[in-house]
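Subject: A structure for you to look at

Hi,

Here is the structure I said I would pass on. Have a look at it first, then read on for what turned up.

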Amino acid sequence: MPDLLHISASPRGEDSQSLRLAATFLSTYRTIHPDAEVEEWDLWDGSLPAFGPAAARAKMTVFGGGTPQGEQAAAWEAAKAAFARFDAADRILFSVPMWNTGVPYILKQFVDVVSQPGLVFGVDAVTGYEGLLAGRGKRAAVVYTSAVWGPGLGPEFGTDFQAPFFTGWLNWTGIDDVTEIRFHPTLTGDADELGRIAHEAARDAAKTF
């Protein structure tokens with residue numbers, strides 16, 4: 001069981017600002033916790049299962065109280081394995097660049113794969129959704145980056161559907177201890193100074209994570 005799981009939604013490698021900030025966070029975390037086991041999960045590495053017709057039918061079968069069979073069963077087991085990998089760590093760091101005002105599609109795929117009844121959520125006809133990860137001491141840190149959109153800019157520079165969606169999803173699962181690390185230099189901002197501030201924020205967040 002890893003002490004910290006880093007889930008990356010950026011495919012840009014060393015050119016990725018979100019991964020650079022994650023590297024700063026992880027370096028600080030490892031300095032403070034030299035014996036900690038840190039696992040890396042690159043969502044682009046092919047290990048994330050698809051969530052297609054069989055998986056969708058399996059989800060609804062389970063939701064209705066049934067047991068998936070055949071190809072549904074295989075899709076359900078793959079989804080449970082992905083959830084188990086996500087659930088294994090109590091400390092999770094996400095690298096999330098902004099794509100088209102939202103999140104990379106691979107991260108939405110991750111959300112759809114692991115968000116399963118009986119694993120991430122329950123539903124009651126009267127009280128609604130229940131986040132099943134609540135009360136288990138889980139914490140998340142999320143690196144949010146963008147190049148065009150930035151706080152205070154008008155809609156002609158885009159809209160932030162990135163953090164409201166993803167932090168909102170984490171809260172929905174029951175993880176309410178979420179630290180956001182942001183870098184939004186925009187097209188005309190002082191990228192060097194804002195980068196310095198963002199990396200300092202990453203180091204500070206890691207010290208108490």
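How are H2 and H3 placed relative to each other: roughly parallel or roughly perpendicular? Keep in mind that this is a predicted model. The axes of helix H2 (residues 53–63) and helix H3 (residues 71–87) come within 8 Å and cross at roughly 85 degrees. Angles of 65 to 115 degrees count as roughly perpendicular, so that is what H2 and H3 are to each other.

Now zoom in on where they touch. H2 brings Ala-54, Ala-55, Arg-57, Ala-58, Lys-59, Thr-61 and Val-62, and these meet Glu-71, Gln-72, Ala-75 and Trp-76 of H3. Sorted by type, the residues of this contact are six nonpolar, two polar and three charged.

Stay with H3 for a moment. This helix has 17 residues, and from its first C-alpha to its last it reaches 24 Å, close to the 24 Å expected at 1.5 Å a residue. Its buried residues are Gln-72, Ala-75, Trp-76, Ala-79, Ala-82, Phe-83, Phe-86 and Asp-87. They cover an arc of only 135 degrees around the axis, so they sit on the same side of H3.

What do the buried residues of H3 pack against? Quite a list: strand E1 (4–8), strand E2 (38–42), H2, strand E3 (91–97), helix H4 (105–114) and helix H5 (162–173).

Buried in H6 are Gly-195, Ala-198, Ala-202, Ala-205 and Ala-206. Looking down the axis of H6, you find these buried residues within an arc of 95 degrees, so they line one face of the helix. Among what covers them are helix H1 (17–32) and strand E7 (178–183).

Thr-101 lies in the loop between E3 and H4, and its phi is near 70 degrees, a positive value in a residue other than glycine. Thr-101 is partly exposed, with a relative accessible area of 26%. Thr-186, in the loop between E7 and H6, also has a positive phi without being glycine, near 60 degrees.

Cheers

Conventions:
Residues numbered from 1 in each chain as written. Predicted model: local features only at pLDDT ≥ 70, side-chain atom pairs only at ≥ 80, totals over all residues. Heavy atoms only, no water. Axes fitted to C-alpha atoms, helices over the stretch in contact; angles between N-to-C directions. Helix = DSSP H or I, 4+ residues; strand = E, 2+ residues; numbered from the N terminus. Parallel < 35°, antiparallel > 145°, perpendicular 65-115°, else oblique. Contact = heavy atoms within 4.5 Å. Nonpolar A, V, L, I, M, F, W, Y, C, P; charged D, E, K, R; others polar. Expected span 1.5 Å × (residues − 1). Buried < 20%, exposed > 50% of the residue type's maximum accessible area, 1.4 Å probe, protein only. Arc of directions from axis to C-beta.
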